[in-house]
Amino acid sequence: MKGDLDRLLGAEAGEARDVLGLLVAARGGLSRDDLAELVGSRADSVHRILDSVEGRAFSRRSARWNPRRAPEVYVLAHEGLQARAMSRFGADGLQPYRDRLMAWADEYRDQGWPASTPQFLLLGYPRLLPETGELPRWVECVTDLARQARLLDVSGGEAAAQAEIAPPMRRFPRRLSPTW
């Protein structure tokens, strides 16, 4: 798998490197359709990359919610590969992929978090923000009422929204506390 990862990392540019960069920056949890949308290519092109020999560096997991829209999401096959890829890309090399993820999230936010919102933006994205130092964006994301409504709709309960708002409440109690 390290060899497969190294071949993907060795690509100077192109869709294969973009797929890898996006999965590394996102820390996984993107579906084939998500990756095609983010890479800006046809879904069959992303499918070929994920199903290639080098694609063995990726692992598939069942989607947590709405398996009909995205039955599987992708992560690197193990933590060691994630760490190796992060090291090889470096912070500067991953930043364009993080920027692309942020812009993608902004597009769905600007649409009011429609029913077509990818699972990653409801589950993985809010976890990624504090890890990347995007604290204001994190607070904005988890307190967005339209996003919380979408999260309630897909998860079937309030537990997911409550769980993601608890960490920023502990970290920024005055900023997020009601002022009644």
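I took axes as lines fitted to C-alpha atoms, for helices over the stretch in contact, with angles running from 0 to 180 degrees between N-to-C directions. Helices (H or I, at least four residues) and strands (E, at least two) are DSSP runs, numbered from the N terminus. I noted that this is a predicted model, in which local features need pLDDT of at least 70 and side-chain atom pairs count only at pLDDT 80 or more, while totals for chains, interfaces and linings use all residues. Residues are numbered from 1 along each chain as its sequence is written, and side-chain values use heavy atoms, with hydrogens and water left out.

**Helix packing.** I looked up helix H2 (residues 15-26) against helix H5 (residues 79-110) and found an angle of about 95 degrees, with the axes 8 Å apart. H2 and H5 are therefore roughly perpendicular to each other, a label given to angles of 65 to 115 degrees. The contact (heavy atoms within 4.5 Å) involves residues including Leu 20, Leu 23 and Val 24 of H2 and Met 86, Phe 89 and Leu 94 of H5.

On a 1 Å grid over the protein atoms alone, a cavity is a set of points where a 1.4 Å probe fits but cannot get out, and a pocket is an open set with protein on both sides within 12 Å along at least five of seven lines; lining residues have an atom within 4 Å of a point. I read about 260 Å³ for the largest pocket, and of its 17 lining residues the closest to the centre are Arg 27, Gly 28, Gly 29, Gly 124 and Arg 127. I counted two cavities of 30 Å³ or more, and the second largest cavity holds about 80 Å³.

**Confidence.** The chain averages a pLDDT (the predictor's confidence in each residue, from 0 to 100) of 81, and 82% of the residues score at least 70.

Methods:
Angles under 35 degrees count as roughly parallel, over 145 as roughly antiparallel, 65 to 115 as roughly perpendicular and the rest as oblique. Grid points are joined across faces, edges and corners, and a volume is the space filled by probe spheres set on the points.
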